[in-house]
Amino acid sequence: MKVVLIPGDGIGKEISESVKKVSEVLKTNIEWETHSAGAEYYEKSGKLFDDDLMDAIQNTGIALKGPTATPIGTGFRSINVQLRQRFSTYANLRPVHSIIGVKSRYEDVDLVIVRENTEDLYKGIEYMYDANTAHGIKLITRSASERIARFAFEYARKHHRKKVTAVHKANIMKLCDGLFLESFKNVAKDYPEIESDSVIVDALCMKLVTDPAQFDLLVSENLYGDIISDLCAGLVGGLGFAPSANIGEDVVIYEAVHGSAPDIAGKDMANPTALLLSFCMLLKNHDMKDKAEVLEKAIYAVIEEGKYTTQDIGGNEGCKAFTEEVCRVIENEIN
Ligand code: NAI
């Protein structure tokens, strides 16, 4: 099976190497097709991504993506946003749960965030009205709102989630968020067996940090989803543990929630867990559930043991040593 691999910027190369190693040890049938994209490639070539990338993703339908940097305040348009819009990967699925061995405030977090991925302020409709006034447009449609709500309820049904909560700010953005909420309520009627409710985004943040167990699956517009999924990653020990999948009708792009971490890039300090868990999502969705389970078990065992963990969670080891130990545990399991 061919999978497009985009190592990307910063720590992207290190954590992608980690995935390639575990894939080999797991003896998956994945053939990696590596492509360039990101700020570092842009500096060398003047292009955001190589000429064959888009066709390769279209042809394989599956990509695993490392983080790509988006310089602030330049004309550089986010590659993530471009990929999501081009392939209409409308649902961004971000599961977060507590991991034994990772110190965090709570031990029982088990949440799924479903973020609408194609519209909202990320549509990029903004311009300078005059030299001192910037104008950005929030775009929300009934079709995209119903589509993401349906995705959330279908996911809940399939994965035995009991409650779906819509995140909004309809008290202030009466039309945009009002439409999102109305669409959610319409779709919820088709899933009477699943509890549904809604929460205003600011109140949600407070409730998440004081009692995350009251939520199960959160569905939100694009911007709120981006912010609350980092917050939720923080609840389980940080960005090193948050995987994701950008899901469309024909294409799925798997990636870690975190960015290129320029502060630790090239120092063998990156925690590859989030990309490895994104890879587990890929394996599960493409008929390799057994291999995904072996990998997950190995990752959690190495973290729980604590001898080979990375510095972001108080360990003393690097990306390479962590990966080698995960590979050793996998080999023990399958041989
Ligand atoms: P970041 O996620 O790269 O880093 C935030 C903090 O978390 C840093 O201290 C970093 O060292 C740490 N961190 C992140 N991932 C880690 C890992 N795997 N292991 C250990 N520590 C980790 O966020 P930041 O600094 O805001 O963004 C840097 C660049 O990444 C920006 O250009 C941004 O646009 C881009 N970015 C790209 C994303 C993507 O491609 N999916 C997502 C988020 C940001």
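1. The largest cavity in this predicted model holds about 40 Å³ of space. By the rule applied, the count comes to 1 cavity of 30 Å³ or more.

2. The lining of the largest cavity is made up of Lys 65, Asn 80, Leu 83, Arg 84, Thr 89, Asn 246, Ile 253 and Glu 255. Helix H4 supplies the largest share, 3 residues.

3. Sorted by class, the lining of the largest cavity comprises 2 nonpolar, 3 polar and 3 charged residues.

4. Attention then passes to Ser 183, which belongs to helix H6, spanning residues 176-188. Ser 183 counts as buried because its relative accessibility is 0%, and the cut-off for that class is under 20%. With residues up to four places away in sequence set aside, Ser 183 touches Arg 142, Ser 145 and Glu 146.

5. Glu 146 is a residue of helix H5, which covers residues 142-158. Its relative accessible area is 27%, so Glu 146 is classed as partly exposed. Apart from neighbours within four places in sequence, the contacts of Glu 146 are with Ser 183, Asn 186 and Val 187.

6. Glu 146 and Lys 297 are 151 residues apart along the chain, and 36 Å separates their C-alpha atoms.

Technical notes
Residues are numbered from 1 along each chain as its sequence is written. This is a predicted model: local features need pLDDT of at least 70, side-chain atom pairs count only at pLDDT 80 or more; totals for chains, interfaces and linings use all residues. Side-chain values use heavy atoms; hydrogens and water are left out. Helices (H or I, at least four residues) and strands (E, at least two) are DSSP runs, numbered from the N terminus. Buried means under 20% relative accessible area, exposed over 50%, partly exposed in between (1.4 Å probe, protein chains only). Contact means heavy atoms within 4.5 Å. On a 1 Å grid over the protein atoms alone, a cavity is a set of points where a 1.4 Å probe fits but cannot get out, and a pocket is an open set with protein on both sides within 12 Å along at least five of seven lines; lining residues have an atom within 4 Å of a point. Grid points are joined across faces, edges and corners, and a volume is the space filled by probe spheres set on the points. Ala, Val, Leu, Ile, Met, Phe, Trp, Tyr, Cys and Pro count as nonpolar, Asp, Glu, Lys and Arg as charged, and the others, Gly among them, as polar.
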